[in-house]
Amino acid sequence: MNEPQHERGGYTGDRHNSSLEASLVVNDTLFRNAFDYAAIGMALIDLNGRWLKVNRALCGIIGYSEEELLSTDYQSLTHPDDLDMNLQNTNRLLLGEWDSYQMEKRFYHKAGNVIWILLHVSLVRCPNGNPMYTIAQIQDISLRKQLEQKYLSLIEYNPAGICSLDLEGKIDSINPSMEKIIGYDSGELLHTSFKSLIAGDKDHLLINQNGMENDQYNHEITLIHRMGNQVHLGAKDVPIIVDGRIVGFYIIARDITEHKKTKESLLRLQQDLQDVVKKQQGMTFKFRKMNGRYIHTLCDGELVYRLGLSPEQIVGRELKQFMPLSIALDKELYYERAWSGEEHVLYEGQMNGITYIASLRPIKRGDQVVEVIASCIDITERKQTEEDLRATKEMLESFISNTSDAIEVIDLDSNVLQVNDAFEKIYGWKQDEVEGKRLPIIPDDYDAEMQQLSDQVLEGKEITDYETVRMHKDGSQLFVSLTISPIKNAAGETIALAGISRDITERKKTEELLRKSDRLSVVGQLAAGLAHEIRNPLTSLKGFLQLMHEKGPNYQHYYDIMCSELNRINFIVSEFLIIAKPQAVHYDMYSLNQIVHTVIQLIEPEATMNNVQIMVSLSDDPIMLYCSEVQMKQLFINLLKNCIEAMPNGGQVEVAVYLQMDKIKVRINDNGSGIPQDRLAFLGEPFYTTKEKGTGLGLMMCFKIIEAHQGTIDIQSQIDEGTTVDITLPLHSGSDFGQETS
């Protein structure tokens, strides 16, 4: 409700009807006509609020007849919420504070509805200054108030933030949407400067009185939210015009913070994309078909410059403007295919010594191609690599074709993929006879062996110079040395196996002849040694028999010596037979610790009798050895007996069993008399011994046992310090050598 407008005046006297009647000049026809036919409601009201006279316009506004109004007072028609203010204003008028006042108030219409009126009240005084009555001018402003309510509702519930400012830029009001945007309540900002909310530049230009009549514009404002963060607004300034004058303006704004962030992110992405395109090692270009010509609309990337061109030479031009005509016409064929809608058009190009590959792809809107984008990469090194690979491939193929070793490539299902010429020469089978089939060169009883070898290769083990048997096309058997290698793809996965086999049949025959020759040589050595060893006791026997013949039968001690010499001959012959005719040996997995422990138990009584102490150090982890248990026990018994015999006055023997890498180590050490250095090289030869009554066959048998188990034996010794025997055995499964030997 508007604040009443008033003029200053004085209070002069009491009211009375007789004076009122006299001063109205009712006979004045002009005044009566002006009162009755006024366009606005007119009324004379006594000081108690009763209607004295009303005109037609007032009756039309309120809906009551003149008689009905004159029988009541205006307070009874006033809305209760406006009554106190109306009475206060009237009292101030009567007290002389005002000569008149104006206010907006509500009346009840005769129909029962509420109407808004603009009331202007003036006080009429008698000549002595006493109040007589009031003159009220009443205008119906219901329509305007309805429009104002709609206007206020539009502001109140508008999703856009609205702020009204006076001409000094101070805030008159803000709507709820603006409160939500900036975080302040309207009461907190009332009459404060709008500039205080602006972030950064405080000289932001707001609408001002000069030049605003025909100027409205959009702009951005950055405000500081109550929580301290910045809020970006898209704003529109609208002037508030009353009676043709600008009295203030509205700022209508929406929060564009997220939009601005998105826009900035988009700009950054666009810039990043431009940088990526510009700095890429390859080249990206686009073109459109304009008036039958393929015009480039974009081109950038490092490859552009390496080709000796620049984006400025390409963008806005067609191919023949920067390339030789023949090359341009050739490439336009690919351009045409892409423009016709074909996906993934590829072509290779070469320029300035650089080979590149281009991939064209159409960009469509609906079914219509509007542009073609292309990506190019430098493949110069790849082309060179391909050329090198081709040369290498030719070289490998030449090597495979011309090598004397048979080469076969099989897949993981054992089907033949490829064989070389040597394969046909060695095995008699041609490529077309075996391709896609299982290898026909493997005898039936060797299938399991081949599967085992393939599994080992797949597990990462190496198969090199493995000797086995293969079968010729004519059915004959061949001895071959086999090497199997995996063939892997780029991901490191084994996809096939390559076998290289060499025919060693002739070598095997030669080796067999050599073995027979060696056996004859050994037999000769054994025979010579045996003859020497047997001749000595026979000479003794012959001498004793001659003495007995000459001196008679009373020489019993001669018989004892003769029996001893005969036993010695029997022992020598027994050992000779063992070496000359080995027995079948059975191999299996045995605990080496258990074998050594058993041998120690057997030999310990003899050691105790000779004052020899045996110290044993076994591995904490079980060591399983694929071996002949009998031969291993015989090996350790022979070695330990040698140690005991090397210490006639007693001593100590140390036995240690342990693992070293993938080998089994056994060390036997004594502190006996030792062996001269010049004799160490001959140890293991038949009938070579350092003992008074030894034959050398026991140590020779130790060497043969270790050799049969694919191990080594090393003997080191120092005179008067002792002897150390180091045995090395492989740690492997029984598949590494035969189950039975003879």
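Where is Asn175 found? Asn175 sits in the loop between strand 7 (171-174) and helix 7 (176-182). The protein has 22 helices and 29 strands; helices (H or I, at least four residues) and strands (E, at least two) are DSSP runs, numbered from the N terminus.

This is a predicted model, in which local features need pLDDT of at least 70, side-chain atom pairs count only at pLDDT 80 or more, and totals for chains, interfaces and linings use all residues. Residues are numbered from 1 along each chain as its sequence is written, and side-chain values use heavy atoms, with hydrogens and water left out.

**Asn175**
- Asn175 is buried, at 2% relative accessible area. Buried means under 20%, exposed over 50%, partly exposed in between (1.4 Å probe, protein chains only).
- The Asn175 side chain reaches the backbone nitrogen of Ile162 at 2.8 Å.
- Beyond its neighbours within four places in sequence, Asn175 is in contact (heavy atoms within 4.5 Å) with residues including Ile155, Glu156 and Ile162.

**Cores**
- Of the 742 residues of the protein, 39% count as buried.
- The largest nonpolar core has 39 residues; Met632, Leu635 and Phe636 are among those that touch the most other members. Such a core is a set of buried Ala, Val, Leu, Ile, Met, Phe, Trp, Tyr and Cys residues joined through side-chain atoms within 4.5 Å.
- A second, separate core of 28 residues includes Cys299, Leu319, Tyr335 and Val345.

**Salt bridges**
- The structure holds 22 salt bridges (a side-chain nitrogen of Lys or Arg within 4 Å of a carboxyl oxygen of Asp or Glu).
- Lys110 and Glu68 pair at 3.0 Å, N to O. Lys110 lies in the loop between strand 3 (100-108) and strand 4 (114-125) and Glu68 in helix 4 (residues 66-70), so the pair ties together parts 42 residues apart in sequence.
- Glu336 pairs with Lys289, the closest N and O atoms being 3.6 Å apart. This pair links helix 12 (residues 325-339) to strand 11 (residues 283-290), with Glu336 and Lys289 47 residues apart.
- Lys286, Arg288 and Glu371 are linked in a salt-bridge network.

**Surface**
- Tyr151, Leu152 and Leu154 form a nonpolar surface patch, with about 290 Å² of accessible area together. Patches join residues with over 30% relative accessible area and no salt bridge: like charges within 9 Å, nonpolar side chains (Val, Leu, Ile, Met, Phe, Trp, Tyr) within 5 Å. Accessible areas come from the Shrake-Rupley method with a 1.4 Å probe; for residues, only the protein chains shown count as cover.
- Leu154 lies in helix 6 (residues 142-156) and counts as exposed, at 53% relative accessibility.

Terms used
A polar contact is a pair of N or O atoms within 3.5 Å; within protein, one must be able to donate a hydrogen and the other to accept it, and residues adjacent in sequence count only if both atoms are side-chain atoms.
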